[in-house]
Amino acid sequence: MFDISALGIALSSVFTVENILLILIGTLFGILCGAMPGLSSVMAMTIMVPFTFSMSGYGGILCLLGIFCGSIYGGSITAILINTPGTSNSAATCLDGYPLSQKGEAGRALGISTMASTFGGVFSALALFITAPILAKFALNFGAPEYFALAIFGISIVTSISSENMVKGIISMMMGLAISTIGMDVLTAENRFTGGTTYLLGGLPYIVILIAMYAFSQGLINVLDYKKGGVLNRDSAKLTRVIPTLDDVKKTAPVILISSVIGTVIGAIPGTGGDIACWTAYSQMKRLRKEDEPEFGKGNIKGVAAPEAANNAISGGALIPLLTLGIPGDAGSAIMLGSLMMLGITPGPLLFSNETDKVYLIILGLMVANICMCLLGYCGMRGFAKISSMPLQILTPMVFMFCAVGTFAYNHNVTDIFVMVAFGFLGFFMVKFEFPIPPIILGIILGDMIEKNLQRSLVLSKGSFGIFFTRPISCVLMVIAIFSICSPIILAIVRSMKRQEKEA
Amino acid sequence: MVLAGGFFALGVLMFWFTRQFSYDGLQSFGTGFWPRVIAAIMMFCSVLLFVQSMLSKDPAKDEVVIDWKSAGMKRVYLVAAVLIVFCVALYFVGLCPALLVMIFGIMWSMQERRIPFLVITPVACSLFIFVAFQVLLKVKLPAGILFQ
């Protein structure tokens, strides 16, 4: 089942001085970004993506994996020290991390958080190693109708989860799909919505839109919410012992293991993410609390271990649908997809049979990134704690600067910067009007796949849409997709009817 | 409601632009079919959004309202102006000088008034980008039409 020679090639590719150094740099950058409230893990990745394209070999992918892991972990530092999660993935960590910090046990909380994050990450990488080939083998039976149904399934799940208002979610999705139609059609060579410009012939580069929608718009939100003298933390808590004691390790080991399983499973479901994983793990552990333990929310060390293991475990989980089916489940894996494709690696079931060494390279890279995160975490914790004292009026212009430079570095085209600024403002207003961003990004990425496979399927069925419901896999996926889109609307109608009955 | 109108107009516009795209039936639907489907769904959803707003029992609570005159939004307008200047400067004088203007402008918009910070930060950042890209990575940064 496992290709030993491919594993050997992957090992020799990952364990070079240059690549280990790149993983370390990526992880360090990720931790720093994660530790700064206002900078998310997706933002850290989007800013760095264009730079990774200039790295030789697979260094760029390994560096991105480092950023991915580091930024999720970095968010816990400010969550514990100043009750401000660096990223949404660490929101649940605040509940018990900050009370521990107030009790003078910040070092203990950070030590357990580092241990739990590392275990969660390594566990999910192992899960990816074991489950992905099985899923990929199954996916080899997929044809055009299955791929169409799969893309619709992925995008509909993301749309239904990412917004409270389903209509707004669908509008976001349609905007993404509309953007994906811009450019020259590959089959007919006919231009669509190019306005006669050569710039749009290849379509709008989605990395540019990703930078605009996530990083640039977040910079504008920082400007909007800024309060004068907005320093994140001037009084970083004094850290005492950061290496966990044997007693703490024994106490938290089962919690970390269960939370890692929860994080991996949730990460593998498209549309979910670290925030859902961390809250689920936290609430499950809260239910399992023994009576003689401190209450959750008042400084229980298990309340730090559970969300941290779960949110880092999504890193491997999210790569399962990406590598096996070519479907990115969230914005972070969408960035990975773009980077992989730029390097000539096309995720999907064939990747496992044709380029097994590259799959192993990614899995090994993820494991090494987690180990680097652990080393950097324990060695540099005191330094990372100080990063949160950076003034926002200096941090924010730097975000804009990296957005501009990163966009230019992607294609070496100045027009991309103008497009990025325009889409950045669009993203800002969409966020303010509560339109979700992930469906736009997935719409842009999956739009082409949906259109091509719809076309192929209709050719196969001589124009009948029944083909999607007569084949078992596509039928199941389509039914789930329709259910995920319709269920919130139906539930809202049922609730409203019940309310009216009560009032009557 | 205004947003719903805007998205409906966008759908109509998209539909209008697709009138010249080819469409030869479902078996070979050319370039016109898919954009028309997207435009139609967008128009339908806009109508739904409009109806949703109309049926809302408490529009003030259910609808998202932005305070366009708040201090935060005024800062955003100022930053928008700075970014427009940045784009113009980028076109004429290139990236590094444009970054100087942008960083200074955004810091000023965010009420930073300490002169050493206002001078050192933009210069240090622009210098960092120049050294990292132009010198170390040998990436040619945009020079602007005046210096080309």
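The model is predicted, with local features needing pLDDT of at least 70 and side-chain atom pairs counting only at pLDDT 80 or more, while totals for chains, interfaces and linings use all residues. Residues are numbered from 1 along each chain as its sequence is written, and chains are lettered from A in the order in which they are written.

**A helix in chain A.** Helices here are DSSP runs (H or I, at least four residues), numbered from the N terminus. Helix α4 of chain A spans residues 59-82 and reaches 34 Å from its first C-alpha to its last. Of its 24 residues, 24 are buried (20 or more other C-beta atoms within 10 Å of the residue's own, placed from the backbone). After α4(A) comes Asn83(A), with a positive phi near 60°.

**Where the chains meet.** Contact (C-beta atoms, placed from the backbone, within 7 Å) links 48 residues of chain B with 43 residues of chain A. These helices of chain B each supply at least two residues of the side that touches chain A:

| Helix of chain B | Residues |
|---|---|
| α1 | 2-17 |
| α2 | 33-55 |
| α4 | 71-93 |
| α5 | 95-109 |
| α6 | 115-136 |

Beyond its neighbours within four places in sequence, Ile171(A) is in contact with Phe435(A), Phe7(B), Met42(B), Cys45(B) and Leu49(B).

Note on methods
The expected span of a helix is 1.5 Å times one less than its number of residues. A residue is buried if 20 or more other C-beta atoms lie within 10 Å of its own, exposed if 12 or fewer, and partly exposed in between; C-beta atoms are placed from the backbone. Two residues are in contact if their C-beta atoms, placed from the backbone, lie within 7 Å.
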